Amino acid sequence: MIRTIGVSAILGLVTLGCGPEGHGESSSEASDVGGTSTGGASSSTTTASEPTSSSTSSSTTDEPEPEPAPACGPPPEGATLDITLDGEVPFTLGDVRFDQACEVAEVEDDGAGGYALGFDCTDEMGQPVVHTLALTLEPPGVAPVTVGEAVQLRLHNDNPFYANTFLTVRDAEGAPLLALLSAEALPDAYTDEYWSEYYPQSDFYAPLVFDRVWPCEPSCESGPDSCPCRQRGAVDFTLGDEVVRVYESNLGQLAAGQFELRVPRSGAVYWQSCPMPTDTTSAWTTLLVTRQP
């Protein structure tokens with residue numbers, strides 16, 4: 001199968017618009033209630049910054065009418081994320097997979113809320129190799145590793161017409177320190193033999209489980225975008241018995257493991273009002289999980 005590289009990376013998009021769709025994924029995914037998931041989440045889902053309901057006004061007083069709750073989850077906090085790996089944006093890395101033992105050689109604050117990490121690693125042939133990971137964050141974040149720490153760095157990067165990027169940093173015992181995903185679908189999205197080459201297995205982020213959900217109704221806004229109707233999504237993060245829902249452009253916390261959760265993007269073009277062209281994706285999710293000090 002010949003796979004052609006496109007002209008721009010989906011990772012850097014500010015709005016989803018008519019973004020690329022790879023591997024023949026049906027654009028009707030955006031209308032599915034559950035979306036594509038890595039595993040079932042508990043029904044006892046909590047929501048990060050979940051708005052509280054207002055009390056009803058009394059019919060015998062002149063109390064003002066309560067303000068309506070947000071239509072779909074808390075308002076966006078403006079969470080953003082940009083990454084570079086080994087000095088490249090994922091779109092230009094190509095198809096790269098590795099799982100290497102490393103030592104953290106550098107942790108540098110970029111002065112704007114993000115940070116750069118350097119790793120001295122050993123490749124699959126036993127040869128030394130250096131990797132770098134730089135994260136540009138809004139709101140500011142805290143690096144989850146320290147210099148001299150032994151870690152396992154694992155990357156699965158796939159370039160169809162854009163970049164599906166799956167990355168983890170784990171400590172010496174295998175516990176997750178950092179989990180990053182920027183992709184059209186979650187791990188184990190395709191289970192047949194052909195597509196399984198392009199997506200990691202569902203346990204890639206274990207014991208963390210991600211489940212993409214679509215609790216919001218589509219909304220349409222006029223403007224220059226040729227696909228003005230889109231649907232705001234959310235991600236359910238599960239660790240043990242704890243489940244936290246984080247809506248697109250918001251942050252959350254998993255008490256178990258002391259993890260900060262970011263979902264800069266989890267949205268989709270509303271395919272019923274904006275038919276998607278061939279080889280494009282209607283949905284995209286970007287998330288970051290980091291251990292907190």
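**Contacts, strands and disulfides**

Modeller: A polar atom in the side chain of Arg-212 lies 3.0 Å from the backbone oxygen of Glu-184. The model is predicted: local features need pLDDT of at least 70 and side-chain atom pairs count only at pLDDT 80 or more, while totals for chains, interfaces and linings use all residues. Residues are numbered from 1 along each chain as its sequence is written, and side-chain values use heavy atoms, leaving out hydrogens and water.

Colleague: What makes the link between the side chains of Arg-212 and Thr-285 a polar contact?

Modeller: The distance between these side chains is 3.1 Å. A polar contact is a pair of N or O atoms within 3.5 Å; within protein, one must be able to donate a hydrogen and the other to accept it, and residues adjacent in sequence count only if both atoms are side-chain atoms. The value of 3.1 Å for Arg-212 and Thr-285 therefore falls within the limit of 3.5 Å.

Colleague: Is Arg-212 buried or exposed, and how do you know?

Modeller: Buried means under 20% relative accessible area, exposed over 50%, and partly exposed in between, with a 1.4 Å probe and protein chains only. Arg-212 has 0% relative accessibility, so this residue counts as buried. Arg-212 is placed in strand 9, residues 209-213; a strand is a DSSP run of E of at least two residues, numbered from the N terminus.

Colleague: Which residues does strand 5 span, and how many bridges join strand 4 and strand 5?

Modeller: Strand 5 spans residues 128-138 and pairs with strand 4 over eight bridges, in the antiparallel sense. Pro-128 in strand 5 stands opposite Thr-122. This hairpin has five residues between its strands, and Gly-126 takes a positive phi near 80 degrees.

Colleague: What makes the link of Cys-72 to Cys-216 a disulfide?

Modeller: A disulfide is a pair of cysteine sulfur atoms within 2.5 Å. The S to S distance of Cys-72 and Cys-216 is 1.6 Å, so the pair qualifies. This link is left-handed, with -60 degrees about the S-S bond. Cys-72 lies in the loop between strand 1 (46-47) and strand 2 (80-85) and Cys-216 in the loop between strand 9 and strand 10 (219-220), so the pair ties together parts 144 residues apart in sequence. Both Cys-72 and Cys-216 are buried.

Colleague: Why is the disulfide of Cys-102 and Cys-121 called right-handed?

Modeller: Its torsion about the S-S bond is about 105 degrees, so the disulfide of Cys-102 and Cys-121 is right-handed. The pair links distant parts of the chain, Cys-102 in strand 3 and Cys-121 in strand 4, 19 residues apart. The sulfur atoms are 2.0 Å apart. Cys-102 is buried at 7% relative accessible area, and Cys-121 is buried at 5%.

Colleague: How many disulfides does the structure hold?

Modeller: The structure holds three disulfides, including that of Cys-220 and Cys-229, with sulfur atoms 2.0 Å apart. The torsion about the S-S bond of Cys-220 and Cys-229 is about 115 degrees, so this disulfide is right-handed. Cys-220 has a relative accessible area of 51% and is exposed, whereas Cys-229 has 9% and is buried.

Notes: Two strands pair if DSSP finds at least two bridges between them. Helices (H or I, at least four residues) and strands (E, at least two) are DSSP runs, numbered from the N terminus.
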